Amino acid sequence: MTPDLTKQVLTKTAETVLARRYYLKDSTGEPVETWETLCRRVSNAVAEVDKDSDQFEALRESFFRMMYHLDFLPNSPCLMNAGTDLGQLSACFVLPIEDSMDGIFTAIRNGALVHKTGGGTGYSFSRLRSKNASVRSTQGVASGPLSFAAVFDAATETIKQGGKRRGANMGVLRIDHPDIMDFISAKENQDSFNNFNFSVAITDAFMEAVEAGKEYSLVEPSTGEEAGILNARAVFEKIIDLAWHNGEPGVLFIDAANRDNMTPQLGDFEATNPCGEQWLLPYESCNLGSLNLANFVKDGKVDYKRMEEVVRRAASFLDNVIDCNRFPIPEIEEVTLKTRKIGLGIMGLHDMLIQLELPYGSEEGRKQAAEVMSFVRAKAEERSCELAEEKGVFPAYDSKVNKYPARRNAALTSIQPTGTVSMIADCASGCEPYFSIVMIKNVMDGDRLIMVNKHFEQVARREGFFSEELMTKVADSGTVIGHEEIPEKWQEVFRTAQDVKPEDHIMMQGILQQNGVDSSISKTINLPNSASREEVELSYLMGHRLGCKGLTVYRDGSRDSQVLNTRESDKEQQTALVSSTGIKKKLPDTLSAKRYRVKDQYQKSVYIIVCFDENEQPMEVFAKFPFDNRVDLKDKSTMWTTTCRLVSLALRFNIPASEIIKQLDRSSGHMLDLPAQLSKLFKSFMAGTQHGFESTCPECAGNLIFEEGCETCHDCGYSKCS
């Protein structure tokens, strides 16, 4: 008999995400689960490992309750696949690429099998011989790592079509590989490697050469011999320039990672999973879960007693996942069972700090975050040591090499992206601050729906400064900062990702890394659009000095599919769109333009080109297909071209943007067809939000934002990395 439960009320967004991504469905695609039955399915499957224990029933119920009440949630593959025929429950994998055709295509095959089951893969291309290096077996020359990375990318593009989750990859190349300059520039134009995040594996020796202004040696991996010399400073500046340009490549501090390698006798780390929080050995995998810190504040203090209970339960849950998992290939099962790594992380850190009335970017906020993370790590290790006594230590444990207590799991903690699970839990993702406090969501017929952060609304009503007018002002400006109606204390507490200083982002990542994170942290260092290259450089130098194992820097609006921020200073651009006359504007000979790469309903790329006048008002719209010569695109191309001409004509007659949007919405037959895409563009020009137009979500046509090292949609939960 099911015990009585206090019904867990989920937000509308949470229910939408669950129905779209997690609930099992019938043959017609309709969900056949509720939140309660999903949690029962997962908890039953994971507890089954202990079915012969006299604690089985209690354990199963405790697993259920911590998920149902949103105290802890496992990673997406576990929520999707536990208790199903697929049964693959891990999120993170690293696959080796050997320097041979057989090794390369074995890795492609293995990656396809991982993606098919919902996992993300990390690859180091550092073992592959450089471009034009000799190939003894064929008397020819090698084509280099990037040429093969393109094959991996194409394979991922194909496999993702049929799965629940799109494939995601991390591509890594060592800083001393002869092809490093080509790798650094590979994603400069964003037209290639779209299924990869690229990161450079940077060594301490390289960083020392940078600071000393010295040269460093490149090493040919196939021979181990020196293959050239580069100026470290020049290479570093190229990385900075490209990161400033569009956020890629990221950097991974590989020596810092290997200093914390829990099983060095098994080999060195070469790569991470797609978002960088899991350094894994070749063929290793890790299953993840996150503690919802928002649920552990009571009477203005952290409830450590209840937190300890949930941490211990979560550690047991994640350890069980290893044993009930169905691994994609035997090699992954073998290595994973040797080390039994788990990744217990956090989400809702900003929610916790808000409830404690501590600013995210303050020294007090960082100290509190470090205290909590250290506590989580300590209690997870206590439980892992107990599990080692009950069930045995992880097989690769060697007391002569591994200088830590005998425990069940080689690694215990990481801080991973929680894009969709944090939407279910209605909290801030991972260790990130909220991306926005008040948003305006455009709906049909040009209406604007104001969405207010639950904590901010509660405080504003309690303190007496809530008003619809103020909420609209906050949404239009994109920040709580600078509004005299809001007390200064609350302006500081509710600073968002864009309001937090870059150095405060880095110091938060650094202090968490130093205090309780075994593996690494997926976090974005948000920079304003006006940030200089010197500020990007400072971020990398600070991150390295603080012991971070990787860093993602993102300058707002830097992707070429974005328009600059539309904050208060850009009001003329926003309001200019709503004027109207009956006079057709003449077009000058030269117009500036921005290109937006979007996907149609068949997931095919289409380019929308918008031309602007000197006042940044859109004047013309074009649609371009990459392969216009294809016969099957002829009718479609004609339709899109005609629609664009009509919209362009309306713009030249100064038809109000709200009217154009209204007609586009009424004409749209699918959320990803041209009218919907154009409507989304014009809504973003008018919205007055902090973010302006950003990359378009391929699933719901919503805006993608950049956080936790990845592009994420807060409307439907889509993530480019998961």
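Student: In the largest nonpolar core, which residues touch the most other members?

Tutor: Happy to start there, with a predicted model in which local features need pLDDT of at least 70, side-chain atom pairs count only at pLDDT 80 or more, and totals for chains, interfaces and linings use all residues. Residues are numbered from 1 along each chain as its sequence is written, and side-chain values use heavy atoms, without hydrogens and water. A nonpolar core is a set of buried (under 20% relative accessible area, 1.4 Å probe, protein chains only) Ala, Val, Leu, Ile, Met, Phe, Trp, Tyr and Cys residues joined through side-chain atoms within 4.5 Å. This core has 73 residues, and those touching the most other members are W35, M307, F317 and L349.

Student: Which helix gives the largest share of this core?

Tutor: Helices here are DSSP runs (H or I, at least four residues), and strands are E runs of at least two, numbered from the N terminus. The largest share is 8 residues, and the helix supplying them, residues 304-324, is α11.

Student: Which residues is L349 in contact with, leaving aside neighbours within four places in sequence?

Tutor: Contact means heavy atoms within 4.5 Å. With those neighbours set aside, the partners of L349 are L293, Y360, A369, G430, C431, M508 and L512.

Student: Which residue of β20 is the bridge partner of I525?

Tutor: Strand β19 (residues 524-527) points T524 and N526 one way, and I525 and L527 the other way. Strands pair if DSSP finds at least two bridges between them; 4 bridges join β19 to β20 (residues 550-555), and the two run parallel. In β20, the partner of I525 is V553.

Methods: Buried means under 20% relative accessible area, exposed over 50%, partly exposed in between (1.4 Å probe, protein chains only).
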